[in-house]
Amino acid sequence: MAIPVMMPRQGQSVESCIMGQWYKSVGDEVKEGDLLFSYETDKASFEEEAKSEGILLAIFFDEGDEVPVLTNVAVIGAEGEPVDEFAPGSEKTPSAEKEPEKEEKEEESPKVIEFDVEENETGKRIRISPLAKNMAEKMGVDIHSLKGTGPRGRIIARDVEVAAETVQKPATKSEPAAKPAPVQKAQILQTGADFEIKSIPNIRKLIATAMHQSLQNSAQLTHHLSADARQLLKLRKKYKAEYSEGKIQQNVTINDLVCFAVIRALEKFPQVNTHYLGDKIKWFKKVHLGLAVDTDRGLMVPALQNADDLSVTGLSNQLQQLATQARSGNVNPDLLSPEAATFTVSNLGNYGVEMFTPVINLPQTAILGVCTIVLRPMEIEEGVYGFVPMIGLSLTYNHQAIDGGEATRFLAEVKEQIEGLSV
């Protein structure tokens with residue numbers, strides 16, 4: 001009996017997905033658990049496995065097509081079974097799909113997600129996803145040294161990220177540094193003697209629209225302030241030592257500690273932990289913390305639900321997991337919705353940024369930019385001056401929802417929480 005394959009729904013807010021690569025062609029034998037195709041939501045990518053066995057009888061959509069969720073995309077069954085009844089309402093028909101698939105099978109084979117890579121002499125073959133392959137090339141990770149943790153030993157993005165933390169590939173005179181692989185596919189629209197015009201990736205369009213609408217539809221103002229980072233650095237040193245000694249299982253970072261302080265400040269200033277809805281304000285009883293994550297595909301802001309329930313180590317663990325999921329493209333799309341977070345933290349300290357103006361992720365009321373730590377002259381005691389490490393804090397808030405005094409007091413509370421951390 002023929003069984004249709006539907007485009008899965010990834011999160012309640014997702015109405016359609018972009019079809020990725022087909023791993024099987026019409027006429028191929030399919031076993032339960034085999035990878036059928038990849039697909040993308042606005043900000044995450046996924047792979048769909050076969051849930052039944054048989055022959056792939058028809059494919060209704062090509063790579064790049066936008067497909068409504070829960071729409072039939074293919075049919076699996078016994079050879080010769082009719083499939084017309086499963087075809088979605090479009091001009092494409094299974095019979096029209098079948099012949100091109102056979103003819104183009106040779107040409108499309110390099111696109112299959114499980115690349116076969118031969119080693120120099122052993123002839124050993126490596127299974128690796130295209131996302132992991134691109135990440136490895138960009139990060140300078142040798143895929144031949146990796147052990148895959150995906151299905152049937154396939155190397156996936158997580159394996160590359162783990163290896164990148166410990167493996168470095170420095171450039172030498174005899175071996176120049178590898179050029180980063182292109183992060184996004186872009187269609188070249190026009191080429192000149194000294195320029196190229198390329199199409200904008202879908203995620204870049206979404207980010208551009210969201211940022212433009214945010215600035216158009218809210219009255220944003222940014223306050224800058226610095227906090228004494230001596231206690232922050234002391235705690236970071238303490239946790240780092242405990243992690244190295246095996247006393248704790250989580251490597252707590254400065255950003256984790258800042259986020260912990262922000263959560264405590266939000267509990268004291270609930271008016272900042274809100275959504276501005278025009279003629280209404282939505283007040284939250286819990287803190288759902290958004291974390292801005294720089295990924296190969298663009299900026300993502302997944303939300304950590306009920307962050308105020310977590311200890312420092314628990315918060316660190318959950319934030320790290322969220323960031324990893326965002327970078328590998330398998331984060332829950334519902335967590336990427338601006339409505340999922342009540343407040344966002346964006347940290348550019350690792351890049352040496354001393355001050356910036358973050359843009360609010362509407363309908364959230366505010367966002368905190370965390371800057372680098374710099375030494376500044378300060379009076380340590382009466383008549384005694386020295387250089388003290390100070391961390392920059394940049395709070396952008398919607399003046400429609402919060403007055404300047406409220407925003408200033410909240411930012412001062414974040415400063416006090418950072419300087420008084422005693423976790």
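The salt-bridge count in this predicted model comes to 12. One of these bridges involves Asp308 and Lys286, which belong to a network that also includes Asp309. A further topic is the crossing of helices H7 and H9, whose axes come within 8 Å.

- Glu196 and Lys198 are joined through their side chains by a salt bridge with an N to O distance of 3.8 Å.
- Glu196 is partly exposed at 43% relative accessible area, and Lys198 is partly exposed at 46%.
- In the salt bridge between Lys238 and Glu242, the closest N and O atoms are 3.4 Å apart.
- Both Lys238 and Glu242 belong to helix H6 (residues 230–244), where they are 4 residues apart, about one turn of the helix.
- Lys238 counts as partly exposed, with 36% relative accessibility.

- Asp308 and Lys286 form a salt bridge whose closest N and O atoms are 3.2 Å apart.
- Asp308 lies in the loop between strand E19 and helix H8, and Lys286 in the loop between strands E15 and E16, so the pair ties together parts that are 22 residues apart in sequence.
- Salt bridges with shared partners join Lys286, Asp308 and Asp309 into one network.
- Asp308 counts as buried at 14% relative accessibility, whereas Lys286 is partly exposed at 26%.

**Packing of H7 and H9**

- The axes of H7 (residues 254–268) and H9 (residues 404–419) cross at roughly 135 degrees, which makes H7 oblique to H9.
- The crossing is right-handed.
- Residues of H7 in the contact include Val258, Ala261 and Leu266, and those of H9 include Phe410, Val414 and Ile418.
- By class, this contact has 8 nonpolar, 1 polar and 3 charged residues.

How values were computed: Residues are numbered from 1 along each chain as its sequence is written. This is a predicted model: local features need pLDDT of at least 70, side-chain atom pairs count only at pLDDT 80 or more; totals for chains, interfaces and linings use all residues. Side-chain values use heavy atoms; hydrogens and water are left out. Axes are lines fitted to C-alpha atoms, for helices over the stretch in contact, and angles run from 0 to 180 degrees between N-to-C directions. Helices (H or I, at least four residues) and strands (E, at least two) are DSSP runs, numbered from the N terminus. Angles under 35 degrees count as roughly parallel, over 145 as roughly antiparallel, 65 to 115 as roughly perpendicular and the rest as oblique. A crossing is left-handed if the near helix is turned anticlockwise from the far one by less than a right angle, and right-handed if clockwise. Contact means heavy atoms within 4.5 Å. Ala, Val, Leu, Ile, Met, Phe, Trp, Tyr, Cys and Pro count as nonpolar, Asp, Glu, Lys and Arg as charged, and the others, Gly among them, as polar. A salt bridge is a side-chain nitrogen of Lys or Arg within 4 Å of a carboxyl oxygen of Asp or Glu. Buried means under 20% relative accessible area, exposed over 50%, partly exposed in between (1.4 Å probe, protein chains only).
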